[in-house]
Amino acid sequence: LLVANTDTAGEVRIVLANSTGLSSGSGALANITFRVSASTSSGSTSPLTLQNITLNNEDGNSITPVTAQNGVFTVSAASDFTITATPSSRQLEQGNSTTYTVTIGSVSGFNSTVSLSASGIPSNATASFSPSSLTPGNSTLTITAGNTATRGNATLTITGTSGSQTHSYNVALTILDSIAPSNITDFSIA
């Protein structure tokens, strides 16, 4: 669909509706023909400015950022981050602590601050991050199980948030009975 007449003089609006979509690559999506007045002097030039460019995906959502130069539109990948943690599982006795290494990675030059949080922590256990906010890099998640921490398996969800961007990663934790010497009954050998 080509909308050639807008309320603004000299403006041409192009709307392309393609049921198959454009997934990648390059090519001519639309050709624009300009009619030049017969009274125009030979060798005259007039700039063609591309501005207010908006490309939408198949869901109608705007794709950003988009730049245009010499008639070529370039869609740049939006910067984002990834989140992972190692190891994927830990065992922990009541009354002790363990750690996971949380890694924030950069996608397309992402360099903003990511705030970390954890959920799924068993009763009478705590979680803390050092640091709790970071630009791409590593943080240490420490899980401390109290003497009465709920025993068994848990899935911990580690979440990173930066503005409207949120990503999560799951790790496993098993809390075991404490094997402290105070649990051993005195005995004697006769």
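Leu 92 stands opposite Ile 175 in strand 15, where strands, like helices, are DSSP runs numbered from the N terminus (E, at least two residues, for strands; H or I, at least four, for helices). Strand 8 and strand 15 run parallel and are joined by five bridges; two strands are taken to pair if DSSP finds at least two bridges between them. The structure is a predicted model, in which local features need pLDDT of at least 70 and side-chain atom pairs count only at pLDDT 80 or more, while totals for chains, interfaces and linings use all residues. Residues are numbered from 1 along each chain as its sequence is written, and side-chain values use heavy atoms, with hydrogens and water left out.

Strand 15 also pairs with strand 14, in the antiparallel sense and over eleven bridges. Within this pairing, Asn 153 is placed opposite Thr 174 of strand 15. The hairpin of strand 14 and strand 15 has two residues between the strands, and Gly 163 takes a positive phi near 60° in this hairpin.

An open sheet is formed by four strands in the order 7-9-13-11, with antiparallel pairing. Its edge strands are strand 7 and strand 11, each of which pairs on one side only. On average, neighbouring strands of this sheet are turned by 25° against each other, direction ignored; the axes are lines fitted to C-alpha atoms (for helices, over the stretch in contact), and angles run from 0 to 180 degrees between N-to-C directions. Seven bridges connect strand 7 and strand 9 in the antiparallel sense. Thr 84 stands opposite Thr 103 of strand 9.

The largest nonpolar core contains 22 residues, and those with the most contacts inside it are Val 102, Leu 116 and Ile 158. Such a core is a set of buried Ala, Val, Leu, Ile, Met, Phe, Trp, Tyr and Cys residues joined through side-chain atoms within 4.5 Å. Buried denotes under 20% relative accessible area, exposed over 50%, and partly exposed the range in between (1.4 Å probe, protein chains only). Two or more residues are given to this core by each of strand 7 (80-86), strand 9 (97-107), strand 10 (114-119), strand 11 (125-130), strand 13 (137-145), strand 14 (152-162) and strand 15 (165-176).

Neighbours within four places in sequence being left aside, Ile 158 is in contact (heavy atoms within 4.5 Å) with Ile 83, Ala 85, Val 102, Ser 117, Phe 129, Leu 141, His 167, Ser 168, Tyr 169 and Val 171. Thr 159 lies in strand 14 and is buried, because its relative accessible area is 14%. Residues up to four places away in sequence not being counted, Thr 159 touches Ile 83, Ser 115, Leu 116, Ser 117, Thr 166, His 167 and Ser 168. The side chains of Thr 159 and Ser 168 are joined by a polar contact of 3.0 Å. A polar contact is a pair of N or O atoms within 3.5 Å; within protein, one atom must be able to donate a hydrogen and the other to accept it, and residues adjacent in sequence count only if both atoms are side-chain atoms.

Side chains of opposite charge can pair when their charged atoms come close. With a salt bridge defined as a side-chain nitrogen of Lys or Arg within 4 Å of a carboxyl oxygen of Asp or Glu, the count comes to one salt bridge. The side chains of Arg 151 and Asp 177 meet in a salt bridge at 2.7 Å, N to O. This pair links distant parts of the chain, 26 residues apart: Arg 151 is in the loop between strand 13 and strand 14, and Asp 177 is in the segment after strand 15. Arg 151 is exposed at a relative accessible area of 52%, whereas Asp 177 is partly exposed at 45%.

Backbone features were also located in loops. The peptide bond from Thr 86 to Pro 87 is cis, with omega near -10°, and Pro 87 lies in the loop between strand 7 and strand 8 (89-93). A cis peptide bond also joins Ser 130 and Pro 131, with omega about -5°; Pro 131 belongs to the loop between strand 11 and strand 12 (133-134). Ser 108, in the loop between strand 9 and strand 10, has a positive phi near 55° although the residue is other than glycine. Ser 108 counts as partly exposed at 44% relative accessibility. Asn 124, likewise a residue other than glycine, has a positive phi near 65° and lies in the loop between strand 10 and strand 11. With 49% relative accessibility, Asn 124 counts as partly exposed.
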